[in-house]
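Open the structure in your viewer and keep the selection tool ready.

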Amino acid sequence: MDKPEIIILVSGKRKSGKDYICEKVKSLLGEEKCSIIRISEPLKKLYSEKHNLDGAELMTDGPYKEKYRLDMINWSDEVRKEAPGYFCRVACEAPSKAVWIVSDIRRKSDIAWFRDTYTNKIKTVRISADVEVRKSRGWKYTEGVDDVESECNLDDFNDWDIQISNNSTEECEFAVEKIISVIRN
Ligand SMILES: Nc1ncnc2c1ncn2[C@@H]1O[C@H](COP(=O)(O)OP(=O)(O)OP(=O)(O)O)[C@@H](O)[C@H]1O
């Protein structure tokens, strides 16, 4: 079968555990079979090249990224106005594995691009966690981050193939099993 065979699009609020769950799925499937794609990677790379910034530092979660976050969002919105799937397309250029897991789906336009491009290979996953749990993982409500489109655009999206919560080890194990079973079926 042509690669990829299946693409799992993962969305969820900050600190719901998207990366954590995606890494667990990948380690169970194996490095040779599965790639994790992060749309934010080419976005940050292109932004840093355009603005002569330290691309590696921008990839981390530190103050450097926070300093440029708003301008980066505004710049990426301008790019999306011209080509809504631009960053999705660049993010998909590298991997050639059978299973792709896109760990940072944030907008309806991201999902629309993947559906248009890869049609029936797409499965959508929404991960949630309680506010108190997210706080215990380091989340703090931040104006300009938690109340903008990049965090809220999918709040009213209802067409998820899988909806899972990740408040505990048990829920996480169940979530991982559910994603694996969708990939294997
Ligand atoms: N089920 C879990 N059990 C224990 N720790 C967890 C669990 N889920 C997530 N974590 C931890 O919570 C923190 C946040 O998780 P993660 O980075 O995966 O969230 P995220 O949704 O990708 O966040 P962001 O959108 O901010 O990148 C990490 O330190 C991770 O190790």
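In what order do the five strands of the open sheet run? Select them in a cartoon view: the order is β2-β3-β1-β4-β5, and the pairing is parallel. This is a predicted model.

Go to the edges next. β2 (34-37) and β5 (162-165) each have a single partner strand, so one side of each has no neighbour in the sheet. Look along the sheet to see the twist, which averages 20° from one strand to the next.

Now select β1, residues 6-12, together with β4, residues 122-128. Six bridges join this parallel pair. Pick Ile8 and find its bridge partner in β4, which is Lys123.

Is Thr119 buried or exposed? Thr119 has 8 other C-beta atoms within 10 Å, and the limit for exposed is 12 or fewer, so it is exposed. Draw a C-alpha to C-alpha distance from Thr119 to Ala83: the two lie 19 Å apart in space and 36 residues apart in sequence.

Finish at the ligand. Select Gly12, Arg14, Lys15, Ser16, Gly17, Lys18, Asp19, Tyr20, Arg137, Asn166, Thr169 and Cys172, which surround it. α1 (18-29) and α9 (169-184) are the elements that give two or more residues to this shell. Which of the elements gives the largest share? It is α1, with three residues.

Note on methods
Residues numbered from 1 in each chain as written. Predicted model: local features only at pLDDT ≥ 70, side-chain atom pairs only at ≥ 80, totals over all residues. Pairing = 2+ DSSP bridges. Helix = DSSP H or I, 4+ residues; strand = E, 2+ residues; numbered from the N terminus. Axes fitted to C-alpha atoms, helices over the stretch in contact; angles between N-to-C directions. Buried ≥ 20, exposed ≤ 12 C-beta atoms within 10 Å, placed from the backbone. Near = placed C-beta within 6 Å.
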